[in-house]
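Here's a quick tour of one chain, starting with the whole fold and then zooming in on a single residue. Have the structure open as you read.

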Amino acid sequence: MSQETGQATTGAAKPAAKGRKTTAEERQTAKASLVEPKLLSDVEKEVTKWEYVTPYLVANRFNTKISVAYQILRTLAGKGTLVLVSKGHRTEVYTTPERLRQIAA
């Protein structure tokens, strides 16, 4: 929108550089930047106390979107803090490695 008249301008935004592919590193950086480090550490401290963890529980407890909760849980699973127990069509269930050993025993 034009600042003076309040009407839309006809000029289009510049397209992305043609032929340039993003590397895996750039994509990881973009994804990781969506989750704040403080939120990640708060979730990590809290969920280790829970018997099981789902994206819904994290989203409700920390007032985030479900998609952010999925990213947090997958990040924690990659770090080894959580273990994926069950993955269905709609959700994922995680637990700590210690609890998984207790269940398996």
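## The chain as a whole

Of the 105 residues in the protein chain, 25% count as buried. Keep in mind that this is a predicted model.

As for secondary structure, the protein chain has five helices and two strands. Reading from the N terminus, the order of elements is α-α-α-α-β-β-α. Then there's the question of sequence range: among contacts in the protein chain with a separation of 6 or more, 38% are between residues 24 or more positions apart.

## Zooming in on Glu92

Now for the single residue. Glu92 sits in strand S2, which covers residues 92-95. Is Glu92 buried or exposed? Its relative accessibility is 3%, and buried means under 20%, so Glu92 counts as buried.

## Who Glu92 meets

Leaving aside residues up to four places away in sequence, Glu92 touches Val53, Thr54, Pro55, Tyr70, Arg74, Leu84, Ser86 and Lys87. Two of these neighbours, Arg74 and Lys87, are worth a click. The side chains of Glu92 and Arg74 are joined by a polar contact of 2.8 Å. With the side chain of Lys87, the Glu92 side chain makes a polar contact at 3.2 Å.

One more pair to look at is Glu92 and Tyr56: they lie 36 residues apart in sequence, with 9.5 Å between their C-alpha atoms.

Definitions and conventions
Residues numbered from 1 in each chain as written. Predicted model: local features only at pLDDT ≥ 70, side-chain atom pairs only at ≥ 80, totals over all residues. Heavy atoms only, no water. Helix = DSSP H or I, 4+ residues; strand = E, 2+ residues; numbered from the N terminus. Buried < 20%, exposed > 50% of the residue type's maximum accessible area, 1.4 Å probe, protein only. Contact = heavy atoms within 4.5 Å. Polar contact = N/O pair within 3.5 Å; in protein donor to acceptor, adjacent residues only side chain to side chain.
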